[in-house]
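Let's take a walk through this protein chain together. Have a look at the structure below, and then we'll go from the whole chain down to a single residue.

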Amino acid sequence: MDSQELQRLKNKFDIVGSDPALNRALETAAAVAPTDLTVLVCGESGVGKESIPQIIHQFSRRRNGRYLAVNCGAIPEGTINAELFGHEKGSFTGAIGERKGYFEEANGGTLFLDEIGELPKETQALLLRVLQNGEYMKVGSSKVEKTDVRIIAATNVDLRHAVMTGKFREDLYYRLNAIQINVPSLRERKDDTYLLFRKFTSDFAEKYGLCKVNLDHDGIALLRAYRWPGNVRQLKNVAETVTALESRELRANSERIEISAATLSKYLPDEQDSLLPSTTVTGGDSKISDDDKRMLVKAILDLKNEVDSLKKIVLSPSESHPSVPAAGKAEEDDAEWQVPQEELSLKQAGLDMIGRALEKHNGNIKKAAAELGISERTIYRKLARNKKK
């Protein structure tokens, strides 16, 4: 693919940037599109992985068939088989009629399975069968159905690590990984950050009749130096927020305004306050994997729930706990002795980040999970657990 063809591809799918790793991912997508090979798209949350399966579908022989995108992490474990494969009437409580699944709906087309690492083990076995021979059975049925669907999967976790820890089937991993396309993170595309910032601010300004926003030299340097844990999705959010709050109504003699680094810094979250720890290097190239980061977050949240439960018992008088005196200074001292204040602050931080993300996105769990880099199912579990308590 020459440079002109590559640029036309970017224009068609609204992709901005000239990073070599990004170009390589796009060229690979276009090259494998005419085949029916299964593709695994890898990359951190927010990098724009969803563009790759769209490119593959549009340049494939299935372009006239249906293209369906399914977020595997957003579907409850108890219903995901029915969502993917369909179900018969009466097969479970609430199944008031027969329902087609995504594999039947996308027959002849392309099915994009995002967050493939969130699939339960049982569903992984069913998916493997579809990939091997195109066969599946609806929930509550013994009839074998056939489908002709091209599968494109995406993940923001290290599936090899998931295989080693027993969370993902090895045979399914190799079946999905016929072609792997890696989408680079934004911190690996430093030269693209200002291009993307200008695009997002220009689009937002044009939509709402505002002056376009530029950055001064120091502002551009700050933009490039920032780590961007939320990648392109986070950059778009920052660019639109800066435009909304720092720009002004478009007038004849003022089409642009310039923002300084000091002003921009107010809209960049402190990296040390990030919910997910940043990559650390200790003498070599060793780093914390995405799975390890999520395990750390889960451990913090679980400990926070346990601490809150313990404090309720210690600080609240109850007939069911006659040996516990009324709350007072002694009980507060006991609670502090059992859990150091620094530890409480750290554990509270993770839960507070989820609360702030949900508040910011008006309770939209999908957007909150995307911003925090965790799965929607994790947030659902935490909400359910807190509700029970």
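Start with who touches whom: among the contacts in the chain with a separation of 6 or more, 71% are between residues 24 or more positions apart. A contact here means heavy atoms within 4.5 Å. Keep in mind that this is a predicted model, where local features need pLDDT of at least 70, side-chain atom pairs count only at pLDDT 80 or more, and totals for chains, interfaces and linings use all residues. Residues are numbered from 1 along each chain as its sequence is written, and side-chain values use heavy atoms, with hydrogens and water left out.

Zooming out, the chain has 17 helices and nine strands. These are DSSP runs, numbered from the N terminus: H or I with at least four residues for helices, E with at least two for strands. Of the chain's 389 residues, 44% are buried, meaning under 20% relative accessible area with a 1.4 Å probe, protein chains only.

Now find helix α3, residues 51-58. Six of its eight residues are buried, so the rest of the structure largely encloses this helix. Those buried residues are S51, I52, P53, I55, I56 and H57.

Leaving aside neighbours within four places in sequence, V183 touches V41, C42, G43, V47, K49 and I52. You'll find V183 in the loop between β7 (179-182) and α9 (193-208). Is V183 buried or exposed? V183 is buried, with a relative accessible area of 8%. Check L22 too: L22 and V183 are 161 residues apart along the chain, yet their C-alpha atoms are separated by 6.2 Å.

Notes. Buried means under 20% relative accessible area, exposed over 50%, partly exposed in between (1.4 Å probe, protein chains only).
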